[in-house]
Amino acid sequence: MRRFSWFNATSLTIGFAFLYLPMVLLVIYSFNESRLVTVWAGFSTKWYGELLRDEAFLDAAWVTLKVGVFSSTLATLLGTMAAYVLVRAGRFHGRTLFSGMIYAPLVMPEVITGLSLLLLFIGIGLDRGVFTIVLAHTTFSMCYVSVVVSSRLTSFDRSLEEAALDLGCSPFEAFRLVTLPIIAPAVISGWLLAFTLSLDDLVIASFTTGPSATTLPIKIFSAVRLGVSPQINALSTILIGIVTVGVITASVITKRAAVAQARDEQAAARTE
Amino acid sequence: MRRAFLIAVPYIWLLLLFLVPFLIVLKISLSDVALARPPYMPQLDLSTGWDGIKAFFSELDFENFVFLTTDSLYWKSYLSSVKIAGLSTLITLCVGYPLAYGMARAPDEWRPTLLMLVILPFWTSFLIRVYSWMGILSTEGVLNSFLLWTGIIDEPLMIMNTPRAVYVGIVYTYLPFMVLPIYSALEKMDESLIEAAEDLGCSKLAAFWLVTWPLSKNGIIAGCFLVFIPALGEFVIPSLLGGSETLMIGKVLWEEFFNNRDWPVASAVAVILLLILIIPIVLFQRNEQKAREAEGQ
């Protein structure tokens, strides 16, 4: 059995300390009674209380959640379609442009995406608000979804679909009964990715929003522009907590699913 | 019929919300500022027919691009963005490689956990991860009070609101993008190659330099591009940590648009930024293609 060498243990410790120490400090100082980072004035949850009483933050959280759910659902739908087109549709006119438009947003600087969408929305006279942020987020996150889903589509055995068609399924039934269950994990992770990207986005949302809709990142950004804010420390701690619980739960579920699948496969092998 | 529908929906969506907006940026970058709503001219007026279109095109010019070359603020910002992005990519490599190496050589049962620990920050808000350094790097921050307390320094270090803080921010937030491709290259490597090299008389260091490093080259190149490309157009990190001293083009574009309300110049800045980015993006694509072909063999 392998063990950690002295060198590897050191580099892992330093690397992970660097990755996690800033967040740990943020969590610790969110419970600090004092407004200052360097003075520990005793344990207190007063910043959480202030945060939860602040209507503006609650409104922003609600807007962010709405935008996230709508845009990631729409992005998953469009992105899965796009992935299907990329992997299965074969040749068609303008295919190169299509795949270019799928990959370009992944490397496009956010400031440019935001600027160009804003200029479009102004050009066609669309009122800016939740709706325009949803349009903007859907556009860039559908590209991430299609990359995730298309990698799953390329790796799976096409003869399964053909078998379903031979056995009398319509193409739609074959998709629903065979393809969809197989690509489902990729579709779900695509949705989660799109949702996270949407919750996280400051730049594109700032460009495409109007006075009526403020998202959480926009609110955080304007609050911390001038320096550390204890309320934002509390908010960060809540968000870090949610993500940690979410990721751990997801990894436990996938691990269980993998174990169950391995057991099924073994059982199937025995009955043969 | 059904196939046409399947192609058309995402296609039209991307045309309308990705390509058309970009063409609008291109067009406005060739227009002039005007005191109007929207604040640029000429406006395309289709009601006057073909003459209107001709008049419209005759009024477009490269004035804004000429302006960008004459005002030193812009080319200085481009240069300093390239410098900051390039240097922080190198630092990220120096920090990320040992971490990726340690992960790839860790006991098998540890690896999934270590991998999750690298990915976890990626799911946490980018903005919050950048913000977390504000309390650490400021003059009265955690780092300075710690160093003063231990007596290593007598005066607080000025890091916050300088380019140094931007380096820290970029290295910190983009570290997972560097670690993951290097890790996957190192993990695939056959370790008996190292043993062979050592049996044949290589020292440990020589074996690393002659065997491990070249075999992880694809991961290193991929990681460097994944850090460099987004870092070049970065806005959040320079505006929160960099202060007014730090010139980065993403921030300049933002200020040109929101503070100066000069849309044509902001659009021209965007077009040039994209032209600069095309080089690393094409190189990155080529590297990925080569890696895929090598794997296919």
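The entries below follow the order in which I looked things up.

**Entry 1: chain A, overall.** I note at the outset that this is a predicted model. I looked up the secondary structure of chain A and found 11 helices and zero strands. The radius of gyration of chain A is 23 Å, well over the 19 Å given by the globule rule for 272 residues, so chain A is more spread out than a compact globule. I then recorded the extent of its C-alpha trace along the principal axes, which is about 70 × 65 × 35 Å.

**Entry 2: chain B, annotated span.** I consulted the UniProt record, an unreviewed entry, which places "domain: ABC transmembrane type-1" at residues 78–284 of chain B. In the model this span is 77% helix and 0% strand, and its end C-alpha atoms lie 20 Å apart.

Entry 3: How do α3 of chain A and α1 of chain B pack? I found that helix α3 (residues 55–88) of chain A meets helix α1 (residues 2–29) of chain B at an angle of about 120 degrees, with the axes 9 Å apart. That angle makes α3(A) oblique to α1(B). I noted the crossing of the two helices, α3(A) and α1(B), as left-handed. On the α3(A) side, the contact is made by Leu78(A), Met81(A), Ala82(A), Tyr84(A) and Val85(A). On the α1(B) side, I listed Leu6(B), Ile7(B), Val9(B), Pro10(B) and Trp13(B).

How values were computed: Residues are numbered from 1 along each chain as its sequence is written. Chains are lettered from A and ligands numbered from 1 in the order in which they are written. This is a predicted model: local features need pLDDT of at least 70, side-chain atom pairs count only at pLDDT 80 or more; totals for chains, interfaces and linings use all residues. Helices (H or I, at least four residues) and strands (E, at least two) are DSSP runs, numbered from the N terminus. The radius of gyration is taken over C-alpha atoms; the globule rule is 2.2 Å times the number of residues to the power 0.38. UniProt positions are given in the numbering used here, feature names are shortened, and annotations may be inferred rather than shown by experiment. Axes are lines fitted to C-alpha atoms, for helices over the stretch in contact, and angles run from 0 to 180 degrees between N-to-C directions. Angles under 35 degrees count as roughly parallel, over 145 as roughly antiparallel, 65 to 115 as roughly perpendicular and the rest as oblique. A crossing is left-handed if the near helix is turned anticlockwise from the far one by less than a right angle, and right-handed if clockwise. Two residues are in contact if their C-beta atoms, placed from the backbone, lie within 7 Å.
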